Structure formats: structure tokens, C-alpha cells
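Trainee: Hi! Could you walk me through this one? I'm new to reading structures.
Mentor: Happy to, let's have a look together.

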Amino acid sequence: GELAVEGLDRQPLLLARERGAAAGDRGLRPRARPRPRARVRGRLPRGRRAANDCVDRARELGVQSRLAQALLELGEHELEHGDKSAAGPRIREAIVAAERAGDDRLRAHALVAAVQVAADEGEVAEARSRAALARALLERIDAPEVAYAELARAEATTEVAAGHLADAEAVLRGSIARLAAIDPATIELGDLYTDLGVVLRERGDWVGARAEFERGLALWRERFGAQHPILARAHVELATLDLRSAQPQQALGEYEQALALHEQAFGAESLEVATTLEGMAMVLRALARPADALPLYQRAKAIHLARGPSGAASLARALDEEGLAQAEIGDFEAALRRHEQALAYYEQALGSDHVELALVSIHLGEDQLALDQPQLARARFDRALVLLEGRPEPEQQARAARARFDLARAWGVGESSDGAKARALALRARADFQALGRSERVAEIDGWLVGL
């Protein structure tokens, strides 16, 4: 049913959930970055409410070291579980509290988390600056290699955000070699193997990627057994690889394993379950079963909605994806409603000028084009281009090229059509796609220009 957008308070900044466009422009967008550090030490998350209570208690006591620790734990919990709009401010406050406390260990830990946040936001320069500060602190306190491994993961995420996949691979391989030389069975290697698998997958080395995912899975299974939820991460990454390599049925099986692990560990209404359901729905759409995906989106939405303001950005993402499924069914009016709701939630969660709004604006415009509303669609594409202007990330540049070609199509039809403007926009989009190596989009534009 319809979801009301009233009653959610505006949240600060950020959702960098950006799944790459490589799996298809109507929304099959598997995640292209290494994930935040996983909780692999055998204990389950205490939960956001308990973490909030710890922060409140630390504030009452006024002990800066305790406040820094509590804020950091809460920020990392939010970072890991998708509440990135809240994670950034928590982690930045943790840095300040650690400085006041004179606790270099906590400050270094918080700076590493801040690198991850900045990288996820696409703020590469800030991420690199934070990483340099973190490394200096780690050297000052003579930190163990495990701490440098956490920094390496964040630095690799930064290089992925910058489009430097070879550099990301080098960072991770170096960290793996150093850590394995100390202890080849240390559990942190599981994260490094899996992150390396993500990078190799993005570089097109699917055989290498699968080998790294399976190494991480084997290490975690040996340490924790076959039912620990950390194994779900490897299953999800393998599912994304299967989807990329045109094995959607195998991907569905990996997601089913991840869902069973998450439900057993965290319960049927947990955020982990919601995220896994969205992944399963994506695979069902790849299998040309968008109608079967809709109940999964409904269940995920209910979980996000129950979280209140902290779930606004995640709810927006689920609504956006559900709208794509509706469009694939051919119900563009339902798709338009879902994308309008997604935009409203994104605006409440992130503000009106966050780059994340660009993609849902593109989806809205495409819905309106399908509904023969080219004038309304043009405004959506124009907004997306404004939001994407000057973004250096290849993913965002591809979105800008997509919006520009969509805008060309919108100017090519309707009573107020302008063929010259449509052609100019299409040619610029073609050049942009060509520069990005997107030959399939270049061919699409060439075919469209013939019929203009």
C-alpha cells in the first residue's frame, strides 16, 4: 500500500549506497565497493537502541573517553547497517571527544571510520587526508598490524571511489601479505580477502574474485562454524558475482543462504534481513520475474518503515527499486508513485541537493516519458544533471550521460519538441559514454539518432 512521508524528521547528509550501473541502467546495481568492516569476533551487534543508551549515559557522565568509545561504536554500527546519514556525524563527534580525552588509540580508530564515511560519500580528498592522519597516529602508538589492516580496507574503498581499482587492489594485497606473515589464520584476513574479491570483480577478474570470496568464506567457516552470520557477507558477494556473470539462478541460491543466516542470527525484522531481501528481489528481476520481487520489497519496506527516521534513506532505496520492478512489469503509473515516494524520503533523509537524488530523479523522468509526459520528464532530467554536475566518479559521470540522453529523448517528442536540441544532447551523451567505455550505450544512441 501507499506509504505516508509525513512525520520523518530531516536527517543530516549521506547515503552513499551506490551500487554500480554495470548490471543495467534500470536499476540492477550491485554494490561496487568494499563494505565497512564486519563484526567478525563472534559476538552479535548489541543493537542501535543499546548503543544509543551508552552514548546518552556517557554524555551524562561527561567522560570524554567513554563518550568517544560509545559514539564510535554507534557510528560503526550505523555505518555497517546502512544508516550512513547518521554515521558520519557520530564518527566526527567521536574524533573530537577522543581528542579532548587525549586518547590517540580511540582517535586513530575513529579516523579510520571517518575515512570509510568520506569514501562512501565520494569525498576522496577528505578520505585521503583522514587516512594520512590515521596512519600517523597508528605509527605514534605503535599499533598492531590488524589496525593497519582496517586502515587499508578504508584506503582501498577510497581508491575504488576515485576509480583507481588497480591501486585499491595493491593496497589490499599488501595488507594481506603483511597480516598473513604474522598469522595466516587471523580472522581479519576474511574481510581483506572479501574486499579484494570485490575489487577483482569490478576489474572483471571473475575467477580471481571467486577465489578470494571462497577464501574468506572458508576462513570464517573454520573459525565460527557454518551458521555464523558473518558468512552471509561472502554469500552476498558471491551472489553479485553470479549475477554479473549471467548466473542469476545461482545468485538466488547464494542470497537464500544469506537470508537464512541473517534470519537465524538477527530475526525476521532485522535490517540485515531487509537488505538481503532487496538483493533477492534484484536477482528475481534479473530472472525476468519482477512480479515475484514485489512481495520482497514490501517486506523490506515494512522493516525500514518501523525504524522511523533512521530508516528513511533505506526506505527510499527500497521504494526506488520497487518502482523499477513496477516499470519492468509495465505499470508505469505505479512506478511513478513509488519513485515520487522515494524522492520524498531521500529529501527528508539527505536534503534536497544530495547527489543520491539524481538517480531517482532519472527514474521519475523515465516513468514520465513512458507515460507520454515529456515536458514533466525534462524537468526531472534537468535536476539530475544539476546534482551530478562536476562529479568526478565514473559511476556519477555515467549517470550524467544517461540523464543527458534521456533529456535528448524528452526533447525529441511532444508538442514542444526541439530536434536540434535533442541531437546536440544525444551527441554529448554519446561522447561521454564513449569516454567511459560504454560501447553498448554508444550503439543505443547511434540507433536513436538514425530515427530522430
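Trainee: What should I know before we start?
Mentor: This is a predicted model, where local features need pLDDT of at least 70, side-chain atom pairs count only at pLDDT 80 or more, and totals for chains, interfaces and linings use all residues. Residues are numbered from 1 along each chain as its sequence is written, and side-chain values use heavy atoms, with hydrogens and water left out.

Trainee: OK, charges. How many salt bridges does a search of the whole structure find?
Mentor: The search finds 34. A salt bridge here is a side-chain nitrogen of Lys or Arg within 4 Å of a carboxyl oxygen of Asp or Glu.

Trainee: Which residue does Arg 135 form a salt bridge with?
Mentor: Arg 135 pairs with Glu 155, and their closest N and O atoms are 3.0 Å apart. Arg 135 lies in helix α5 (residues 124-140) and Glu 155 in helix α6 (residues 145-161), so the pair ties together parts that are 20 residues apart in sequence. By helix we mean a DSSP run of H or I with at least four residues, numbered from the N terminus.

Trainee: Is Glu 155 buried or exposed?
Mentor: Glu 155 is buried, at a relative accessible area of 19%, while Arg 135 is partly exposed at 29%. Buried means under 20% relative accessible area, exposed means over 50%, and partly exposed is in between (1.4 Å probe, protein chains only).

Trainee: Which residues are linked in a network of salt bridges?
Mentor: The network links Arg 153, Asp 191, Asp 195, Arg 201, Glu 202, Arg 233, Glu 237 and Arg 244. Within it, the side chains of Arg 244 and Glu 202 meet at 3.1 Å, N to O. That pair links distant parts of the chain, with Arg 244 in helix α10 (residues 231-244) and Glu 202 in helix α8 (residues 188-202), 42 residues apart. Arg 244 is buried, at 15% relative accessibility.

Trainee: New topic! What about the largest nonpolar core?
Mentor: The largest core has 50 residues, and Leu 189, Leu 192 and Tyr 255 have the most contacts inside it. A nonpolar core is a set of buried Ala, Val, Leu, Ile, Met, Phe, Trp, Tyr and Cys residues joined through side-chain atoms within 4.5 Å. Helices that each supply at least two residues to this core include α6, α8, α10 and α12.

Trainee: What does Leu 192 touch?
Mentor: Not counting residues up to four places away in sequence, Leu 192 touches Ala 149, Arg 153, Leu 172, Ser 175, Ile 176 and Leu 179. Contact means heavy atoms within 4.5 Å. Apart from this core lies another, of 41 residues, among them Tyr 346, Leu 357, Ala 358 and Ala 377.

Trainee: And helix α18, how many of its residues are buried?
Mentor: In α18, 15 of the 18 residues are buried, so the helix is largely enclosed by the rest of the structure. From its first C-alpha to its last, α18 reaches 26 Å, close to the 26 Å expected at 1.5 Å a residue. That expected span is 1.5 Å times one less than the number of residues.
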